[in-house]
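Dear colleague,

Please find below the structure I promised to hand over. My notes on it follow directly after.

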Amino acid sequence: MPTEPVLPAQELVEETLRLRPWQMQDAADLFDAVRSSVMSVGRWLPWCRADYSLDDANAWIRHCQDGWSQGEHFAFSIVDRMTGELLGGAGLNQRNRLHCSANLGYWVRQSRHGEGIAARAAALVARFGFEQLGLIRIEIIVLPDNHPSRRVAEKTGAQFEAIARQRLWANGRANDAAVYGLILTDLS
């Protein structure tokens, strides 16, 4: 069976944001962003917790680099183009080559909520998925009461499709989840 060539790491840029694959030198900034966002991001994403460590940040970055080189998941740091501040992360994971689909995830540090960063970053990553990976469908899966993330999905152009029963494993148990579908023509 032929192997897929490794997609070179690349940056995605728009007016105020630069998304780039995670690099080891991002670890301290990632640690800071996560620890300062436990009260908001941590409510929805169990990895964002008060005991998140610099070792956790390093392990995540290594995991992201491995995923990129294997063509399995494509995680980007979100950086403010003017200041260089790490704003959060966005990426495609759970890639399904047979059905040309993947999941899209995103988060933004607490101090920068409400600026439209997640929606702009999600749109950049989705376009990357459609154009560079040949995806035909991207899903955004969130806990039903995560209204900020649901608004981001909608701003990106994703269509709400269902509340899927026991779709997400979070906080040690199965949870229902809101499922959004995004196809290329949905992007605004």
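**Strand β4 and its neighbours**

Strand β4 and strand β5 (residues 101-108) pair in the antiparallel sense, with seven bridges between them. Please note that this is a predicted model. The two strands form a hairpin with four residues between them, and in its turn C100 has a positive phi of about 50°.

Strand β3 (residues 74-80) runs antiparallel to β4 and is joined to it by six bridges. The hairpin of β3 and β4 has five residues between the strands, among them G84, which takes a positive phi near 80°. Strand β4 itself (residues 86-96) is mostly covered, with eight of its 11 residues buried.

**The chain as a whole**

The chain holds four helices and eight strands, in the order β-β-α-α-β-β-β-α-β-α-β-β from the N terminus. Its radius of gyration is 16 Å, close to the 16 Å that the globule rule gives for 188 residues, so the chain is as compact as a globular protein of that length. The C-alpha atoms fill a box of roughly 40 × 35 × 35 Å along the principal axes.

Of the 188 residues, 46% are buried. Among contacts with a separation of 6 or more, 60% are between residues 24 or more positions apart. The accessible surface comes to about 10000 Å², and carbon and sulfur atoms account for 52% of that surface. As for charge, the mean positions of the 20 positive and 22 negative charges lie 3 Å apart.

With kind regards

How values were computed. Residues numbered from 1 in each chain as written. Predicted model: local features only at pLDDT ≥ 70, side-chain atom pairs only at ≥ 80, totals over all residues. Heavy atoms only, no water. Rg over C-alpha atoms; globule rule 2.2 N^0.38 Å. Buried < 20%, exposed > 50% of the residue type's maximum accessible area, 1.4 Å probe, protein only. Contact = heavy atoms within 4.5 Å. Areas by Shrake-Rupley, 256 points an atom, 1.4 Å probe, with all protein chains shown as cover. Lys, Arg positive; Asp, Glu negative; His and termini not counted. Charge placed at Lys NZ, Arg CZ, Asp CG, Glu CD. Pairing = 2+ DSSP bridges.
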